[in-house]
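Hello,

Here is the structure I promised to send over. Have a look at it first, and then read on for what turned up in it.

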Amino acid sequence: MTGERHGDRPQAGAMWTAIGLMSGTSMDGVDAAVIATDGEDRVVAGAALTVAYDAGFRARLRGCLGGRAPAAEIAAVAAALTDHHAAAVVALCRTAGLDPTTVDVVGFPGHTLVHDPARRLTWQIGDGDRLARATGLPVVTDFRSADVAAGGQGAPLVPVFHRALARASGMAPPLAVINIGGVANVTWIGPDGQLCAMDVGPGNALIDDWLVARTGEAFDRDGRRSARGRVDHAVLNRLMATPWFDLPGPKSLDRDAFDPRPVGSLGIDDGCATLAAFTAAAIARSAARLPVAPARWLVTGGGRHNRALMAMLADRLDGPVDPVEAVGWSGDAIEALAFGYLAVRSRRGLPLTVPETTGVDRPRTGGRWVAPPAATVRPSASPAG
């Protein structure tokens, strides 16, 4: 369906082809995925890929977190980030054999620098207008602002997509989906499609930062260091004493919300093991806040590759704990697919968030629509650095 490029809104029941993009808090690259969806319960996942950030750009992006870099540097990084996303769109269309003229919308959440909903502040960089010009495709961006402005947490945004995936897959509720990116969050799906969701604690960010600072390694590959190390339970107890864990949900986190200094005296591998245990303990703590114990836990995001962390989750959670690939989902593509799905929902005026997922006052839609110029040259070059 191609009316979208002329500004038409999707009609109920129509299937739309969307490309979703994601630059997560782990800062490893851009995930891009194709999805066919009506923005409700019909979802068909298509091709996906990841375009990794080079070490230099990753360091520049890391330097912008918290808005700490000079304004000129943040603007330059935002432009380069957008160009990386444009290159990912082009690469995805090429590798999937997808004619770009058949793509109805691109979902582009950008990259979060600051997230402080208590101050009604959330800041994602990335230029939707630049992306629309570069790709010649319509774009939906700025997914969080409307929710935060209305008093919501602005995160997590993916629960409505998790529910659609579960329904399309015939999954039996109650079910919980754990996403372990830089931050960890959980979506609970009830028997009648009820949702309960919240950020639950650190994901991979603390381990990633710990290794970057001490070894230059970007992450703990397959959880090898975590598996070799020993958990320091005294340090773990200090980490879990953070008052944030006592707050009721829905709630959300900034990537750098936790103070990792209690781990500072540990060796490298013991630090990884203790930080992995921190993530597992935080997720387990959240289980008590779910309406009904889930019959199954499915894990997505990069954290599912950490075998030590997955074993810790299996020890701490009641019920089976599996990576989402066990039910035929792609854990590397789910968040990108979600933003393609949310872009269609945005164009249909359907809610992206509800009180049970972000604490917003009522179901809220969101996103900013950007139409491409009438004539656009599609990109073929590598992104700017």
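**Asn185 and its surroundings**

Asn185 touches Pro156, Val177, Ile178, Asn179, Met198, Asp199 and Val200, leaving out residues up to four places away in sequence; contact here means heavy atoms within 4.5 Å. Asn185 itself lies in strand β9, residues 183-189. Helices (H or I, at least four residues) and strands (E, at least two) are DSSP runs, numbered from the N terminus. Is Asn185 buried or exposed? Asn185 is buried, with a relative accessible area of 7%. For these words, buried is under 20% relative accessible area, exposed is over 50%, and partly exposed is in between, using a 1.4 Å probe and protein chains only.

Before going further, a word on the source. This is a predicted model, in which local features need pLDDT of at least 70 and side-chain atom pairs count only at pLDDT 80 or more, while totals for chains, interfaces and linings use all residues. Residues are numbered from 1 along each chain as its sequence is written, and side-chain values use heavy atoms, with hydrogens and water left out.

**Cis prolines**

One of the residues that Asn185 touches, Pro156, is joined to Ala155 by a cis peptide bond with omega of about -10°. Pro156 is found in the loop between α4 (145-149) and α5 (159-168). A cis peptide bond also joins Gly249 and Pro250, with omega of about -5°. Pro250 has its place in the loop between α8 (233-240) and α9.

Which residues of α3 (residues 128-135) are buried? They are Gly128, Leu131, Ala132, Ala134 and Thr135. They sit on the same side of α3, because they cover an arc of only 165° around the axis; the arc is that of the directions from the helix axis to the C-beta atoms. The elements covering these buried residues include β1 (16-22), α2 (71-96), β4 (105-108), β7 (139-141) and β13 (368-370).

Both ends of α3 have something to look at. At its start, a side-chain oxygen of Asp127 comes to within 3.0 Å of the backbone nitrogen of Asp129. This is a polar contact, that is, a pair of N or O atoms within 3.5 Å; within protein, one must be able to donate a hydrogen and the other to accept it, and residues adjacent in sequence count only if both atoms are side-chain atoms. After α3 comes Gly136, with a positive phi near 75°.

As for α2, its axis and that of α3 come within 9 Å and cross at roughly 35°. Axes are lines fitted to C-alpha atoms, for helices over the stretch in contact, and angles run from 0 to 180 degrees between N-to-C directions. On the α2 side the contact is made by Ala79, Thr82, Asp83, His85, Ala86 and Val89, and on the α3 side by Arg130, Leu131, Ala134 and Thr135. By class, this contact of α2 with α3 has 5 nonpolar, 3 polar and 2 charged residues. Here Ala, Val, Leu, Ile, Met, Phe, Trp, Tyr, Cys and Pro count as nonpolar, Asp, Glu, Lys and Arg as charged, and the others, Gly among them, as polar.

**Helices α9 and α10**

Helix α9 (residues 268-287) packs with α10 (residues 307-316) at an angle of about 35°, their axes 9 Å apart. This crossing of α9 and α10 is right-handed. The residues of the contact of α9 with α10 divide into 10 nonpolar, 1 polar and 1 charged. In α10, the buried residues are Ala308, Leu309, Met310, Met312 and Leu313. Their cover includes β8 (175-180), α7 (224-228), α9, β11 (296-300) and β12 (321-323). At the start of α10, a side-chain oxygen of Asn306 reaches to within 3.1 Å of the backbone nitrogen of Ala308.

**Two positive phi values in loops**

Most residues other than glycine have a negative phi. Arg120 has a positive phi of about 55° although it is not a glycine. Arg120 lies in the loop between β5 (111-116) and β6 (121-125), and counts as exposed at 53% relative accessibility. Asp222, also not a glycine, has a positive phi of about 60°. Asp222 is in the loop between α6 (205-214) and α7, and counts as partly exposed at 24% relative accessibility.

Best wishes

Notes:
A crossing is left-handed if the near helix is turned anticlockwise from the far one by less than a right angle, and right-handed if clockwise.
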